[in-house]
Amino acid sequence: MSLSNAPISSAQQKAQLPNPLHLTDPQILDKVYLTHLHDDEKCDKDILFNIVSNILLKVKNTAAVTSFQPEFRTLKLISCQMITTPRGEHYVHQTTMWILQHLKTYAWDAKALVTLAAFALEYGNLVYLRDVSTSDQLTNSLKQLNQIQNRKIPDSELSRLMMEVIQNIQLWSTWSDVGYDTVEVPSLSDALQEIPLVVYWTVASIVAATGNVVGVSDYKLSDFTDRLSVVVNNLKEHLTRSKDEIDSVEAYLKRKKSFSNPKDIVDFLKLLIQRNGSDVQIYDGSDKTKTNIEVFKHKHVLLFISSLNKIEDEILLLNSIYDRLQENPNEIIKGYTKGDFKILWIPIVDWDDQQVHTFHVSKNKIKWYAVEVFSELPGLSLIREKLNYKDKPIIPVVNSLGEVINEDAMDLIFQWGIDAFPFRKSDGYDLTLKWKWFWDVTRKLNLGIQVKGDRYIFIYGGVDNKWIQDFTMAVEKTKRHETILRADAIIEHYQLGKNDSKIIPRFWIEIESKKLKKHNNPLDCEIQEIVKSLLCLKQDPQGWAILAKGHNIKLLGHGEPMYQTLADFELWQDKVLQKEGFDIAFKEYYDTKHKEVYAGQPCAYLNVDNYPANVIATITCPNPTCGRVMEVTSVYYKCCHGDAPNGGKI
């Protein structure tokens with residue numbers, strides 16, 4: 001017989017098997033993971049665990065008394081394989097791999113539990129027969145056959161360790177079966193790296209313990225359990241982190257559910273900024289004090305959500321909006337009271353010493369409210385998912401019931417300012433319609449006016465060539481001023497009829513034609529007032545000018561005060577940086593100059609006798625710079641040019 005055909009001796013076989021105590025974790029992981037196919041095999045793990053607990057820990061668990069029948073053949077087969085394992089760590093590894101291969105279609109926790117149940121068969125018989133004292137011949141015969149007198153019951157600490165290990169594996173399995181997103185609970189995936197190792201060393205420890213129980217070996221079990229303890233401790237660390245991550249996910253899901261139906265605005269805000277049971281400090285920028293979240297009760301809130309990076313313009317804008325809301329706070333517009341609106345800043349930052357310092361510097365510049373939470377916001381995921389915050393400043397508008405009435409009013413407020421009150425999307429749409437007809441006129445006449453975003457443009461004209469020349473030079477000088485450049489304001493200008501004088505009458509004819517439109521709704525009435533103001537500007541003997549910011553026409557102005565406002569730019573230039581924009585600062589100064597120019601002009605009178613008997617109820621002032629409806633006195637019409645609110649302005 002050739003040497004190659006000779007049977008392998010037990011010594012040769014043992015030499016080919018690795019000593020598991022000499023294997024590294026990666027080596028074991030490679031071997032064990034190849035034995036696992038899928039989790040198709042059904043196993044009632046809860047009941048089996050209770051049965052094993054009764055045996056190994058001698059606990060009284062009534063839940064284990066059921067009609068459940070374990071897979072006895074499988075348990076007995078594994079038990080017999082462990083009992084017949086030859087002495088030696090190499091054979092422990094061999095039997096361990098055989099068991100894992102035999103249980104290849106069981107879940108990871110079931111592999112360890114079924115193996116422990118097989119061990120409990122032998123362990124239970126040993127304990128029961130050892131503890132029973134009887135003269136019954138059958139029992140004594142069983143003791144003799146099982147060689148009870150020559151066997152040792154293993155340390156109970158081993159049983160407790162095994163049960164604890166099984167519980168940890170089952171906990172991981174339970175959480176994994178829930179189907180948590182691995183991005184949200186990454187530690188569950190990390191724990192999976194330890195599970196095959198834990199299962200391997202659990203089974204190996206059981207195999208070694210079985211050898212000691214039946215008396216075929218006398219292993220130092222601590223060699224196995226020490227390796228088991230290391231990987232179990234690693235697993236526990238992953239499970240601890242998993243618990244924190246799962247708690248965070250569950251808390252978010254709870255907040256998310258409540259977010260869809262908040263009780264009111266305070267409840268809405270708490271879901272974003274308040275941890276369970278904790279207080280949130282709210283900084284009040286108006287008087288630099290602290291208050292609580294109840295200050296928003298029954299209020300509507302503009303939520304300013306941003307980082308700390310480059311928000312100077314937004315702060316200036318919202319400071320100006322705050323000022324406008326405080327002006328006549330009891331005024332009701334579109335069913336909303338101005339004083340019922342609050343502004344709250346929710347900063348989204350990574351809090352460190354530098355960020356905290358930057359926040360304190362920024363909050364001292366605001367006039368409204370800010371959240372003081374110097375750690376990650378509990379509702380940050382809600383802010384990102386539900387309020388669509390993507391690291392760019394946004395201003396959601398939330399009503400007193402906690403309903404979002406505008407997902408982001410940032411562009412709306414930048415373009416229309418306080419005119420957009422109460423800052424719903426529909427308010428922006430209404431404002432667009434308010435001026436759409438005017439821009440339609442400019443396009444119809446091919447005026448070539450380019451309306452771009454938030455750029456400013458002066459549209460102007462008149463019959464006084466000197467005024468037009470002076471105004472043009474004043475605009476050019478202002479647009480190049482250092483303050484304008486510092487404010488990143490872009491100012492353009494367009495002179496009506498400069499290249500084609502025929503366009504002038506066509507422009508005014510188009511404006512005049514709007515007077516013929518029927519008044520079907522409040523918007524039509526508002527447009528009619530604008531048309532009247534424009535036609536009033538046309539009568540100004542010097543000239544007229546329109547200031548627009550994007551599509552938003554901010555001012556219809558008369559020639560002299562418009563020119564003087566630009567000529568005096570040095571006097572009010574600082575207001576450009578203090579207000580929310582050039583247009584606001586310009587209009588404030590213009591209003592002052594307008595009063596100075598026209599306040600001294602005498603009232604205009606018209607005797608009723610100059611009109612036919614069927615005189616109309618209203619007559620406009622004949623003064624070309626006024627255009628107001630004249631006051632009817634007893635026998636004549638009278639207009640004082642500084643009293644009425646419209647005066648060619650908007």
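The model is predicted, so local features are given only at pLDDT of at least 70 and side-chain atom pairs only at pLDDT 80 or more, while totals for chains, interfaces and linings use all residues. Residues are numbered from 1 along each chain as its sequence is written, and side-chain values use heavy atoms, leaving out hydrogens and water.

A nonpolar core is here a set of buried Ala, Val, Leu, Ile, Met, Phe, Trp, Tyr and Cys residues joined through side-chain atoms within 4.5 Å, where buried means under 20% relative accessible area, exposed over 50% and partly exposed in between, with a 1.4 Å probe and protein chains only. The largest such core has 67 residues, and Leu-116 and Phe-119 have the most contacts inside it. Helix α6 (residues 108-131) gives the most to this core, with 14 residues; helices (H or I, at least four residues) and strands (E, at least two) are DSSP runs numbered from the N terminus. A second, separate core of 59 residues includes Tyr-322 and Ile-511.

Leu-138 lies in helix α7 (residues 137-145) and, at 59% relative accessibility, counts as exposed.

Strand β12 (residues 544-549) has 6 of its 6 residues buried, so this strand is largely enclosed by the rest of the structure. Its two pairings, where pairing requires that DSSP finds at least two bridges between the strands, are set out below.

In the hairpin of β12 and β13, with 2 residues between the strands, Gly-550 takes a positive phi near 60 degrees.
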